[in-house]
Amino acid sequence: MTAIDDAVITLSVNGQPAEIRGDHPHLLAALRDELGVTSPKDGCAPSGQCGCCTILLDGKAVVACQVSLERASGKEVVTLEGVDPDERARYAQAFGACGALQCGFCTPGIIVRAKALIDRKGDGLTRDDAARHLGANLCRCTGYVKILDAVESLAHGTPVAIAAQGGIGTSGARYEAEALSLGDRDFIDDMDRPGLLHAAVALTEHARAEILGIDTGAALAAPGVVAAFTAADIPGELRVGIIHTDWPVMIPVGGRTSYLGDVLAVVVAESRQAARRGAELVTARYEVLEPLTDAVAAIDDPAIAVWGTDSNVLSVSSYARGGDAGAALAASAHQVHEVFQTQRIEHAFLEPESTLALPHPDGTLHVYSGGQGVWDDRNQIASVLDLPIDRVTVELVSNGGAFGGKEDMSNQAHTALAAFLLRQPVKCTLTREQSLLMHPKRHPIRLEYRAGCDADGHLTVVEARMIGDSGSYASVGMKVLERAAGHAGGPYRIPVMDVEAIAVRTNNPACGAFRGFGANQAQFAMEGVIDRLAELVGISGLEMRRRNVIRPGDVWGPGQVMDDGCGGAVRCLEAAAPAYEAARAAGHAVGIGLGLKNSGLGNGFLEIAKAVVRFRSDGRIEVRHCWTEMGQGIHSVARQVAVTELGVDPERIDVLVDTTRELGAGQTTGSRGTVMGAGSVAEACKAALADGCRLEVDYQGEYRIDWTDKISDGLEHPVIHSAFGYAAQLVIVDRDTGDIVKVVAVHDVGKAVNPLLCEGQIDGAVHMGLGYALTEDFPADELGRPTNMTLKSLGILRPKDMPEVEVVLVEHPQPRSPYGIKGVGEIGLVPTAGAVAAALHDLDGQWRARLPMRRDP
Ligand code: FES
Ligand code: FES
């Protein structure tokens, strides 16, 4: 303990004198954990790389997690809580009106930095200046486009009028926009409770090792530690999992680790710091085994990568139709053979996983989760604790981004276990490093394609063989590879297809759901094939796509006959065509990519979503639905549907997600929330209207998709998916600098429920797609250990690296879908990497088959 640990530090916080203990690791911890000042968020402390904790220190914008207590002593600290109310309102209004926030986790930090800039530069602040300075602040949701719009409008005193809150088709600010902008809406880590204890997990040191012993003695002896639990303390099931229950909550003595995110113990203490220090003192005796890290080799390796399984092949998805692929290739005028390789990447949502569990005196447990499926969370927690499911309720706290990475449970079961056993409230928030190690990533996939076309460029055949490194636990890896197989041919009419996709278990980081869910990898390869064939035929990429784009009535992928909704594909292509021709005429290097992405689970799943509308006696109207709000705007969708159907004031509506009512609809995944959420809320509203909207009555509505087929059913023309979104994206590169100067993103969303938020989804997806194409990577070494273990090293594009993005919305309605909605959550980055590869080829004549294409932005 140093002198400063014992000291009391005095400083000014938001205009008031304050005293803080000297034992905090940095100013952010003191502000949040001791003073309860929570608008500065903790996305990566103490590394100082996300900017979420930006504050003003003596008037200068700094990240609080990099400010030592000595440095803070005697200084004046201002956070958004201490900013003048009129100024707060002005910033919140601008950010809401411009659609400059999605999950909102980054927003308070960005507003503080923007305020410091505007205070200093006034209307002299240029957009480029702002982009450069905001490089210190990551935003994973917005792509920065609308953030810079808001900052510009604030700097120049030209407020953007906030659109009136309305029904379907209106562009009002998102639900809770003001509170989120200002950091007033609690994320889980912001929540406090009387008697709250803190938990921290202790992870394995080896990706594949027998566990011979676990010693928690030193942890238990550490100051402030009240308990340490291991697998031996779990009363119920050891393993959880969304589809396969293969994922141990903790590895017991006698068990074996399977990746570096495996948990050995959970340490509970009186403070966050004490819990984390205690977790570092947990030791284990290992018999270290050689990890399996090569997915191709693991297929035939007799050694088993993952404890408790009997094969390294997680799944094989395949289909063939239209005849013999080899013969079709031989008969084709032009052929292409290429092996593509995509990389593993990290979601990098800015809010690390956090859970709060509260035991009630009657033995029930209430859990606040930021997961993507509160019903799965409830069921799995109950099974781990060996409780009936009605003894556990889970409440969603809208999270700080997820993108698929919060589908699997992370620390929910550990936190619930600690609270259940100790009979005290317990909160656990992962460090950034633990978050990187624990949750599943985007699959790296090796894609070998053979394809052919006739002399006019009409596709004749595609044969694809894919091997995806699914890492350790199943998660939804088999579904990702199944989806990659289904989307292997992109949005094209292909007479002969022969596709196989294998998901392989290794000891690398687990892989699972990530925005695009296999469609991105497959369509990077397919777009590359299309461009290579176009060159052989001697036509442009645009013309090649025109000749092959899928149209209503065509047979697609595994054999689905496409409905009228697929008319959106050609509409996107034609809407992008003028910009393509103009950019070529101007001498730019240009690439175009076309993509489709299913909405919903499909594949024969019976998908049922329920919602409840309730008129409360206090005048409020509750809309209860099943879906996780993670920045995509599902709460806003629910509210807008209710406004359209009920004709009520949107300000009266409260949107809630919890498991106190049985509305389960599975995970918020697969671009299905908007379609199914809108359908079920609309039905609930209709039920209310039919009954006179009586007070304190639950009016339930249901939306179901029960008309899809499994590929394995052997049907000639299965309906694999109920709906698809379509997009054409154009990437324009300056031939002198080699820089991408503009992306035109044309998207058919069926119906834009909120055009402002819809555009924001696409902006953010393009940002993510450019990073995927160019710079992002999350590799692991031969021991299964990730080598990019900081936010900075992930290769996420900063605002100054973002080109201009022009979003064009096409509304080609989806038959049988509420309001014609198709969903936009994932399609936004499906065509991007292919379009970038085509543009770079146009620039220098080099074909690229590996992602990322440039490591340095
Ligand atoms: S939490 Fe301080 S910069 Fe990320
Ligand atoms: S809104 Fe910026 S990280 Fe979500």
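Visitor: Why is Arg423 called partly exposed?

Guide: In this predicted model, Arg423 has a relative accessible area of 43%. Buried means under 20% and exposed means over 50%, so 43% falls in between and Arg423 counts as partly exposed.

Visitor: Where is Arg423, and what makes its phi worth a remark?

Guide: Arg423 is in the loop between helix 14 (412–422) and strand 18 (426–429). Its phi is near 60°, a positive value in a residue other than glycine. Most residues other than glycine have a negative phi.

Visitor: Which class does Glu696 fall into, and how do you know?

Guide: Glu696 has 34% relative accessibility, so it counts as partly exposed. Glu696 lies in the loop between helix 21 and strand 28 (699–705), and it has a positive phi of about 55° although it is not a glycine.

Visitor: Why is Thr216 called buried?

Guide: The relative accessibility of Thr216 is 14%. The cut-off for buried is under 20%, so Thr216 counts as buried. Thr216 lies in the loop between strand 7 (209–215) and helix 9 (217–221).

Visitor: What does Thr216 touch?

Guide: Leaving out residues up to four places away in sequence, Thr216 touches Ala228, Thr230, Ala265 and Val282. Touching here means heavy atoms within 4.5 Å.

Visitor: How does Ser47 come out by the accessibility test?

Guide: Ser47 has a relative accessible area of 27%, so it is partly exposed. Ser47 lies in the loop between helix 2 (27–34) and strand 3 (54–57). With residues up to four places away in sequence left out, it touches Cys65 and Gln66. Ser47 and Ile20 are 27 residues apart in sequence and 21 Å apart in space, C-alpha to C-alpha.

Visitor: How do you know that the bond between Ala45 and Pro46 is cis?

Guide: Omega of the peptide bond that joins Ala45 and Pro46 is about 5°, and the bond is cis. Pro46 is in the loop between helix 2 and strand 3. Another cis peptide bond joins Leu851 and Pro852, with omega about -5°. Pro852 is found in the segment after helix 23. Most peptide bonds are trans.

Visitor: What makes strand 3 and strand 4 a pair?

Guide: A pair needs at least two bridges. Strand 3 and strand 4 (residues 60–63) are joined by 4 bridges, so they meet the requirement, and they run antiparallel. Leu56 stands opposite Ala61 in strand 4. The hairpin has 2 residues between the strands, and Asp58 takes a positive phi near 50° there.

Visitor: How do you know that strand 30 pairs with strand 31?

Guide: The count is 7 bridges between strand 30 (residues 740–748) and strand 31. At least two are required, so the two strands pair. They run parallel, and Ala745 stands opposite Val807 in strand 31.

Visitor: How do you know that the length of helix 23 fits its residue count?

Guide: Helix 23 (residues 832–844) has 13 residues, which at 1.5 Å a residue should span 18 Å. Its end C-alpha atoms are 19 Å apart, which agrees. Gly845 follows helix 23, and its phi is positive, near 75°.

Key:
Residues are numbered from 1 along each chain as its sequence is written. Chains are lettered from A and ligands numbered from 1 in the order in which they are written. This is a predicted model: local features need pLDDT of at least 70, side-chain atom pairs count only at pLDDT 80 or more; totals for chains, interfaces and linings use all residues. Side-chain values use heavy atoms; hydrogens and water are left out. Buried means under 20% relative accessible area, exposed over 50%, partly exposed in between (1.4 Å probe, protein chains only). The expected span of a helix is 1.5 Å times one less than its number of residues.
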